[in-house]
Amino acid sequence: MVTTSTPTPPSPETAAWHEALDRRRTAERADRLERDPGQPELSRRRFIARSFWTGLGVALVGTLGGAVDYLYPRNVRGFGGPFPAGNVADIPRGAAPREFRNGQLWLVNLDPAETRPGGSGGGAGLLALWRRCPHLGCAVPWNPTFDFDGDGGGWFRCPCHQSTYTKAGVRVHGPAPRSMDTMLIEIDEAGAITVQTGERQNGGDDNPSRAVGHPLLPT
Ligand code: FES
């Protein structure tokens, strides 16, 4: 035997509460449409989806931003960035080039009076040379006793394939396609030298003219 039960009608209080709730929803909807008639009503599903994607976007931006912030180079002090290379007072004019291994560079105070073939080429002042050979990348040493073509006053001489360069890094011999590359030099008022090792210029016969002067540079 199947029995059915008649639904119990809501109490007057419950019915009145439902009516009040409906009135309130209708009023809110009308209010929204009045404020922005062109804007469709935001359904609950769309609201949740929009919140989800917004949250995901914020999380991704935060993660990527953190990674970029971590990887961004700051205060790089070595090869590839600004490299402190002492003071101009410590680099006598015409002396042998001075090596800064961590900066991968040679610093030389060219003396225009050093007119020998392996000398300054007429340049005067500080010149920073990248020690990487333009041929295949070997580190080029300064050889103070090497005699090239009758000039025994010292040369840059690559040990790999014997490319040979003057004190100003000008190529005179060997398979290197050009002279030694130069780096940008900055000198402050007190004579402190900073070599911008990331700012390099292909070497050329004009290397001597790239030397920079300074009032405190020994003459
Ligand atoms: S790498 Fe210097 S001459 Fe070849």
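Which side chains meet in a salt bridge at 3.6 Å, N to O? The side chains of Arg101 and Glu99 do. The notes below take up this pair and other features.

1. Basis. This is a predicted model, where local features need pLDDT of at least 70, side-chain atom pairs count only at pLDDT 80 or more, and totals for chains, interfaces and linings use all residues. Residues are numbered from 1 along each chain as its sequence is written, and side-chain values use heavy atoms, with hydrogens and water left out.

2. A salt bridge here is a side-chain nitrogen of Lys or Arg within 4 Å of a carboxyl oxygen of Asp or Glu. The whole structure has 9 of them. Arg101 is exposed, at 60% relative accessibility. Glu99 is partly exposed, at 29%. Glu99 also forms a salt bridge with Arg131, with the closest N and O atoms 3.0 Å apart. Arg131 sits in the loop between S4 and S5 and Glu99 in strand S2 (residues 98-100), so this pair ties together parts 32 residues apart in sequence. Arg131 is buried, with a relative accessible area of 16%. The cut-offs: buried is under 20% relative accessible area, exposed is over 50%, and partly exposed lies in between (1.4 Å probe, protein chains only). Helices (H or I, at least four residues) and strands (E, at least two) are DSSP runs, numbered from the N terminus.

3. Other salt bridges. Arg210 pairs with Asp206, the closest N and O atoms being 2.9 Å apart. Arg210 is buried at 17% relative accessible area. Asp206 is partly exposed at 37%. Salt bridges with shared partners join Glu114, Arg116, Asp151 and Lys167 into one network.

4. Nonpolar cores. A core is a set of buried Ala, Val, Leu, Ile, Met, Phe, Trp, Tyr and Cys residues joined through side-chain atoms within 4.5 Å. The largest has 16 residues. Leu127, Val140, Phe156, Tyr165 and Met180 have the most contacts inside it. Strand S3 (105-110) and strand S4 (125-130) are the elements that give two or more residues to this core. S3 gives the most, with 3 residues. Apart from it lies another core, of 15 residues, among them Phe83, Ile185, Ile193 and Val195.

5. Ser179. Where does Ser179 sit? Its place is the loop between strand S8 (171-173) and strand S9 (182-187). Ser179 is buried, with a relative accessible area of 3%. A polar atom of its side chain lies 3.0 Å from the backbone nitrogen of Arg171. Contact means heavy atoms within 4.5 Å. Not counting residues up to four places away in sequence, Ser179 touches residues including Pro134, Tyr165, Gly203 and Asp205.

6. Tyr165 and Cys133. Leaving aside neighbours within four places in sequence, Tyr165 is in contact with residues including Cys133, Trp155, Phe156, Ser179 and Met180. Cys133 lies in the loop between S4 and strand S5 (142-143). Cys133 is buried, at 2% relative accessibility. Cys133 and Phe156 are 23 residues apart in sequence and 10.0 Å apart in space, C-alpha to C-alpha.

7. Surface patch. Phe52, Trp53, Leu56 and Leu60 make a nonpolar surface patch of about 450 Å². Such patches use residues with over 30% relative accessible area and no salt bridge; like charges are joined within 9 Å, and nonpolar side chains (Val, Leu, Ile, Met, Phe, Trp, Tyr) within 5 Å. Accessible areas come from the Shrake-Rupley method with a 1.4 Å probe; for residues, only the protein chains shown count as cover. Leu56 lies in helix H2 (residues 44-71). Leu56 is partly exposed, at 35% relative accessibility.

Definitions and conventions:
A polar contact is a pair of N or O atoms within 3.5 Å; within protein, one must be able to donate a hydrogen and the other to accept it, and residues adjacent in sequence count only if both atoms are side-chain atoms.
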